[in-house]
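Here's a protein model to look over together. Let's go through it with a few quick questions.

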Amino acid sequence: MPLYLTRFSYTPETWARLTGNPEDRSQAARSYIESVGGKLHGFWYAFGTHDGYNLWEAPDNVSMAAVALAISGGGALSSFETTVLLTVDETLDALRKAEQIQYRAPGE
């Protein structure tokens, strides 16, 4: 199954709610991805541009998009970005296919 990396940030209101009532949000994240047949591999908080990161496994892009839309639509986040991760073998396959494409730069 494909892997996905998400980066998220909470709204100030969400941080205020969590400060008043601390909660392990990884359990909620796990339930969301499992509802579409996926798996949560990791949930981390961080300093910096984003408040947290998740590593997910989902059956397909549509399933991951459904999870992302449900979470984003909940109003607790100020940002939610998803990156599809490729294995080394998938990247090698893409490199081999790219070699066959006759790209032409603009104006050439």
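Q: Which residues form a nonpolar patch on the surface?
A: First, a heads-up: this is a predicted model, where local features need pLDDT of at least 70 and side-chain atom pairs count only at pLDDT 80 or more, while totals for chains, interfaces and linings use all residues. Residues are numbered from 1 along each chain as its sequence is written, and side-chain values use heavy atoms, leaving out hydrogens and water. The patch has about 290 Å² of accessible area together (Shrake-Rupley method, 1.4 Å probe, only the protein chains shown as cover; members have over 30% relative accessible area and no salt bridge, with nonpolar side chains joined within 5 Å; a salt bridge puts a Lys or Arg side-chain nitrogen within 4 Å of an Asp or Glu carboxyl oxygen). Its residues are Val88, Leu92 and Leu95.

Q: Is Leu95 buried or exposed?
A: Leu95 is found in helix H4, residues 88–100 (a DSSP run of H or I, at least four residues, numbered from the N terminus; strands are E runs of at least two). Buried means under 20% relative accessible area, exposed over 50%, and partly exposed in between. Leu95 has 54%, so this residue counts as exposed.

Q: What is the relative accessible area of Tyr45?
A: Tyr45 lies in strand E2, residues 39–45. Tyr45 is partly exposed because its relative accessible area is 40%.

Q: What distance separates the C-alpha atoms of Tyr45 and Ser9?
A: Along the chain, Tyr45 and Ser9 are 36 residues apart.

Key:
Patch = residues over 30% accessible without salt bridge, like charges linked within 9 Å, V, L, I, M, F, W, Y side chains within 5 Å. Buried < 20%, exposed > 50% of the residue type's maximum accessible area, 1.4 Å probe, protein only.
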